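Please keep the sequence and the model in view while reading.

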Amino acid sequence: MPADFSLLHRTCKLVVLLCFLHIAVTVFFYVRSFDIPLGFSHKQLSHNNTTRSGLDTHTVRTEGNTQNGEGTVALQFDLGQKSVTEPKKNQEKCPETSPLLVGPLRVEFNIPVSLEQIKDENPYVQLGGRFKPKDCEALQKVAIIIPFRKRDEHLKFWLYYLHPILQRQQLEYGVYVINQDGDETFNRAKLLNVGYREALKDNDYNCFVFSDVDLIPMDDRNTYRCFSQPRHLSVSMDKFGFRLPYNQYFGGVSSMSKEQYLKINGFPNNYWGW
């Protein structure tokens, strides 16, 4: 008697149908999973495009120094939305030795110099005699302190020559001319201490260069920055025959880090004169 396989045949067909249905559902949800990130990305791109196209109609407020591509830019919308802030771009550190240096310089004092000329020739120097490189992050923040009284012509030449030199050295720097009023005995040391404190009100300087107003470097490789020890930067001056007047001489131009300055407790205020 032949066996009846009709029941088994129907059962197999049902199993195959269920398997096919399972595969179809799996494929459906698998394909749908690709649509989720694509949709999010598309909306995000659309939102960004809307934000950028709205710059012409909404208020733009800048923070920091955006002229050189630094600082942050906050976009304030008139519709009560929160500000959108673009983060500051990370810059590479400036090299230890600037590639912009030219070496020996020709320094002359028989040419007329005006403050307007100095301003026009140094367009990247900000108000207050401050500058920072635009292509890299300076290794140090340098405050240059100049004790001063009735030396206007010397100051013009100092600014005329030093601003280009300091910019080529790729320093972030600020110049502070500390003037002593009146005709009493000049107190250079106290003026340097005043300059140190005033400079720190503007920026977190970590290096301080103390310079007489009548000294101009003859080579821009003499970098106005700080080192592991206090550094005498004017060891060879023409008025001394390019030699030290005595071995302990540390005047003219010298540099100290903030830590070094604090370690010696600054300069003695009770020493009057040069």
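Six strands form an open sheet in the order E4-E6-E5-E7-E9-E8, with mixed pairing. Its edges are strand E4 (130-131) and strand E8 (231-232), each of which pairs on one side only. Strands (E, at least two residues) and helices (H or I, at least four) are DSSP runs, numbered from the N terminus. Two strands count as paired if DSSP finds at least two bridges between them. Strands of a sheet pair through backbone hydrogen bonds, either parallel or antiparallel.

This is a predicted model, in which local features need pLDDT of at least 70 and side-chain atom pairs count only at pLDDT 80 or more, while totals for chains, interfaces and linings use all residues. Residues are numbered from 1 along each chain as its sequence is written, and side-chain values use heavy atoms, with hydrogens and water left out.

**Strand pairing**

| Pair | Sense | Bridges |
|---|---|---|
| E4 and E6 (residues 172-179) | antiparallel | 2 bridges |
| E5 and E7 | parallel | 4 bridges |
| E7 and E9 (residues 253-257) | antiparallel | 5 bridges |
| E8 and E9 | antiparallel | 2 bridges |

Phenylalanine 131 has tyrosine 173 in E6 as its bridge partner. Valine 209 in E7 stands opposite isoleucine 144. Valine 209 also stands opposite serine 255 in E9. Serine 211 is bridged to valine 253 in E9. Histidine 232 stands opposite serine 254 in E9.

**Covered strands**

E7 is mostly covered, with 5 of its 5 residues buried. Buried means under 20% relative accessible area, exposed over 50%, and partly exposed in between (1.4 Å probe, protein chains only). Both faces of E7 are covered: Cys207, Val209 and Ser211 lie on one side, Phe208 and Phe210 on the other.

E9 is largely enclosed by the rest of the structure, because 5 of its 5 residues are buried. Val253, Ser255 and Ser257 point one way from E9, while Ser254 and Met256 point the other way.

Contact here means heavy atoms within 4.5 Å. Axes are lines fitted to C-alpha atoms, for helices over the stretch in contact, and angles run from 0 to 180 degrees between N-to-C directions.

Helix H4 (residues 188-202) also packs on the sheet, touching E4, E5, E6 and E7. Its direction makes about 145° with that of E5. Does the length of H4 agree with or depart from what its 15 residues should span? At 1.5 Å a residue they should span 21 Å, and the end C-alpha atoms are 22 Å apart, which agrees. The expected span is 1.5 Å times one less than the number of residues.

Buried residues of H4 include Arg188, Leu191, Leu192, Asn193 and Tyr196. Their cover includes E5, E6, E7 and helix H5 (258-263).

Asparagine 187 sits in the loop between E6 and H4. It is buried, with a relative accessible area of 2%. Leaving aside neighbours within four places in sequence, asparagine 187 contacts Gln180, Asn269, Tyr271, Trp272 and Gly273.
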